[in-house]
Amino acid sequence: MSSVLTPLPVLLPLLGAAGTLLVGRHPRTQRTVSILVLTAVLGVSLALLLLADSEGPTAVAVGGWPVPLGIVLVVDRLSALMLVVASTVALGVLVFAVGQGSADGSEATPLSIFHPTFLVLIAGVSNAFLAGDLFNLYVGFEILLMASYVLLTLGGSAPRVRAGITYVVVSLLSSLIFLAAIGLIYAATGTVTMAQLAGRLAELPEGTQVLLQSMLLIAFCIKAAVFPLSAWLPDSYPTAPAPVTAVFAGLLTKVGVYAIIRTQTLLFPAGALDDVLMWAALATMVIGILGAVAQTDIRRILSFTLVSHIGYMLFGIALGTAGGLAGAIFYVAHHIAIQTTLFLVAGLVERTGGSTAMDRLGGLAQRSPFLAVLFFVPAMNLAGIPPLSGFIGKLGLLQAGVAEGSGQALALVAGGVVTSLLTLLAVARVWTRAFWRPATQEPSADTAAAAAIDAAPAPREPVPVGDGGAGAGERQTAWLAAWRRHEDVATAGTAVRATRAGAVRALRPLPGVMVGVTAVMVAVTVSLTVVAGPLYGLTQRAAEDLVERTPYVESVFTDPVPAEDGE
Amino acid sequence: MTPTVVLPVIIGGLYTAGVYLLLDRSLTRVLLGFLLLGNATNLLLLSTGGPSGMAPILGYAEPEEMSDPLPQALILTAIVITFGVAAFVLAMIHRSWRLAADEGVGTDEEDRRVARRSGTDADELDPDDLAPEDRPAGHADSLHAPAAEAADDVDLPLPGGRT
């Protein structure tokens with residue numbers, strides 16, 4: 001059973017990507033195909049989770065090659081849980097994007113590459129979760145990164161290309177470090193299969209082990225945005241389209257966290273670098289959240305809280321105990337859902353209010369109460385207000401930290417509490433300024449300046465380059481005059497121009513699909529609280545597997561079921 | 001196997017030059033740096049395979065004489081990935097250069113969409129402001145005669161303006 005199911009989370013999105021590429025001229029078919037594919041992936045992942053939880057880890061040798069030679073896919077409780085959460089948020093984001101596309105009437109634009117790329121991204125994420133050897137993990141990373149480059153620079157506008165360049169170069173560097181680490185590990189041990197490495201790495205001299213471990217950690221920490229390797233994230237995420245930012249924020253950094261969990265527990269259980277990880281976790285939490293408090297744009301605030309809360313997961317991993325790992329895994333699942341939802345809400349805010357800059361928003365709670373509820377619930381969840389799942393995850397981590405009892409762990413516990421409070425401060429600022437503040441408030445000087453910049457057509461004027469020859473100046477003056485006339489005409493009769501100069505803008509109506517799917521995602525995050533008991537039990541069993549290590553290794557070496565269909 | 005000093009020296013040289021280029025502000029140099037780093041890593045992978053030997057084909061050589069095929073398979077995959085990423089980065093460099101250096105006035109899609117959106121708006125529009133294909137039939141091209149030239153996507157504009 002699992003031999004058929006295991007390759008599907010990778011295969012289905014790849015086939016779906018090919019299919020959507022073929023029907024690129026029929027947006028309706030494309031949407032249907034990609035939604036069907038992701039629904040199927042979600043179903044398969046749920047089945048895999050049930051199987052993995054009842055029967056323990058299983059391994060599938062793809063193509064029927066025996067384990068050290070061929071590619072092996074391994075499903076244990078951790079990877080199955082990750083698959084379920086990932087495919088849930090992917091499906092939600094896809095429906096959101098479809099709703100946005102329909103509302104904009106932009107279905108037939110060149111963005112028809114969105115669906116294939118999105119599916120390739122999901123295939124890469126699934127492959128990374130299922131990979132049983134380091135090189136396949138690398139390939140999974142590359143698949144998802146390649147798709148993310150395309151999604152981040154979708155449309156190729158100047159800010160996106162600028163942000164995309166930072167992201168691409170940083171990701172390339174981390175991939176090269178990872179690849180070099182794989183080469184060195186192969187040179188030292190003669191294998192890249194993780195189950196085999198679990199035994200062989202321990203036989204190496206300690207210095208070599210630490211070198212290999214730190215290379216892998218640096219590569220993964222760049223991807224997971226751990227301080228001080230996190231500076232790229234708040235710079236590149238906020239410019240992308242709302243659904244893309246949502247799925248990136250939810251999934252991509254967590255793939256890095258997953259890789260850290262996997263390698264730290266399976267390959268390097270001795271915990272030689274746990275102290276370093278602890279300090280990195282503390283710095284990530286505190287510095288990330290201080291960055292969030294300083295921001296004035298909702299999306300940038302969310303990007304910084306994303307960085308900050310990676311620190312919680314790292315804290316659990318660095319503890320190395322089953323309790324810490326269980327808390328970390330629960331927190332990963334919670335955070336994927338919550339961060340995606342918050343970015344979707346930010347997309348709705350931008351759509352309805354015309355901006356995500358807090359200075360230019362106001363009175364959303366009064367004018368759009370449902371949107372306010374959609375923001376408030378996940379925001380409180382992110383800050384860790386009981387009884388929501390954020391509180392449960394943080395509580396588990398803090399308890400594990402106290403149980404560890406060392407001074408360092410207690411410092412981390414204190415840092416975690418402070419970070420939680422500062423997160424509350426950051427989201428409360430968003431709440432008071434964007435939602436609670438009366439809409440009629442006079443604009444501050446800052447707002448007026450921003451509105452003036454916005455009202456002028458300056459950013460859209462052609463920028464003269466070089467002398468352009470005789471007549472170019474005249475032509476440009478004439479063009480500008482025409483443009484101003486045109487803009488007046490084009491915006492006459494609508495409220496846009498009038499409100500731009502004022503304190504707040506008129507609200508644009510929101511498409512029902514986008515609001516509906518965001519509401520469903522909020523419900524999912526709340527339901528994490530409802531099922532927190534069984535879920536926490538599951539993460540505890542997953543963590544015990546990870547600490548014990550033998551179930552994973554034995555699944556690879558004793559019962560590799562040949563797969564019926566290869567990749 | 002006698003250890004060879006050539007490969008480590010080359011790998012080290014490539015890494016050095018690659019890191020140096022990667023730190024440049026010019027994107028083309030960053031790309032070249034990435035290519036050097038990629039090749040350095042490929043050589044590193046190659047050197048992990050141990051001593052060189054015969055091609056690993058059954059019947060062509062004895063297993064003891066063969067070189068290790070796994071690093072070669074890894075390198076092939078890595079080369080393909082590097083190639084794809086390099087192509088994407090090149091496209092981004094081109095796009096970035098066009099955004100920064102292109103003086104042509106492209107068609108503003110949003111503007112056109114707004115203009116088409118409503119019949120009442122269109123009635124009030126000055127036909128001179130519309131793109132040629134949106135103008136009423138028979139309207140003379142009074143202002144935008146060189147529009148076709150300005151929106152040309154095929155011929156790249158020379159830096160410093162076209163004459």
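**A loop residue and its partners**

Colleague: Is Ala225(A) buried or exposed?

Modeller: In this predicted model, Ala225(A) has 26 other C-beta atoms within 10 Å. The cut-offs are 20 or more for buried, 12 or fewer for exposed and partly exposed in between, counting other C-beta atoms within 10 Å, with C-beta atoms placed from the backbone. So Ala225(A) counts as buried.

Colleague: Which residue is 85 away from Ala225(A) in sequence but 7.5 Å away in space?

Modeller: Housekeeping: residues are numbered from 1 along each chain as its sequence is written, while chains are lettered from A and ligands numbered from 1 in the order written. Local features need pLDDT of at least 70 and side-chain atom pairs count only at pLDDT 80 or more, while totals for chains, interfaces and linings use all residues. Ala225(A) lies in the loop between helix H9 (206–224) and H10 of chain A (helices are DSSP runs of H or I, at least four residues, and strands are E runs of at least two, numbered from the N terminus). Going C-alpha to C-alpha, the residue 7.5 Å away is Ile310(A).

Colleague: Which residues is Leu233(A) in contact with, beyond its neighbours within four places in sequence?

Modeller: Leu233(A) sits in helix H10 (residues 232–236) of chain A, and it is buried, with 25 other C-beta atoms within 10 Å. Contact here needs C-beta atoms, placed from the backbone, within 7 Å. That gives Ala225(A), Ser303(A), Leu306(A) and Val307(A).

Colleague: How many residues of H13(A) are buried?

Modeller: Enough of them that H13(A) is largely enclosed by the rest of the structure. Gly320(A), with a positive phi near 75 degrees, follows the helix. As for H13(A) itself, the buried count is 22 of the 22.

**Two helix pairs**

Colleague: Are H5(A) and H6(A) roughly parallel or antiparallel to each other?

Modeller: The axes of H5 (residues 114–130) and H6 (residues 134–152) of chain A come within 7 Å and cross at roughly 155 degrees. Axes are lines fitted to C-alpha atoms, for helices over the stretch in contact, with angles from 0 to 180 degrees between N-to-C directions. Under 35 degrees is roughly parallel, over 145 roughly antiparallel, 65 to 115 roughly perpendicular and the rest oblique. So this pair is roughly antiparallel.

Colleague: And how do H12(A) and H18(A) lie, roughly parallel or antiparallel?

Modeller: H12 (residues 274–294) and H18 (residues 407–436) of chain A pack at about 20 degrees, with axes 9 Å apart. Their contact includes Met285(A) in H12(A) and Leu422(A) in H18(A). That angle therefore makes the pair roughly parallel.

**The other chain**

Colleague: What share of chain B is made up of buried residues?

Modeller: Chain B has 6 helices and 0 strands, so by the run rules its pattern reads α-α-α-α-α-α. Among its contacts with a separation of 6 or more, 44% join residues 24 or more positions apart. Of the 163 residues in chain B, the buried share is 17%.

Note on methods. Contact = placed C-beta atoms within 7 Å.
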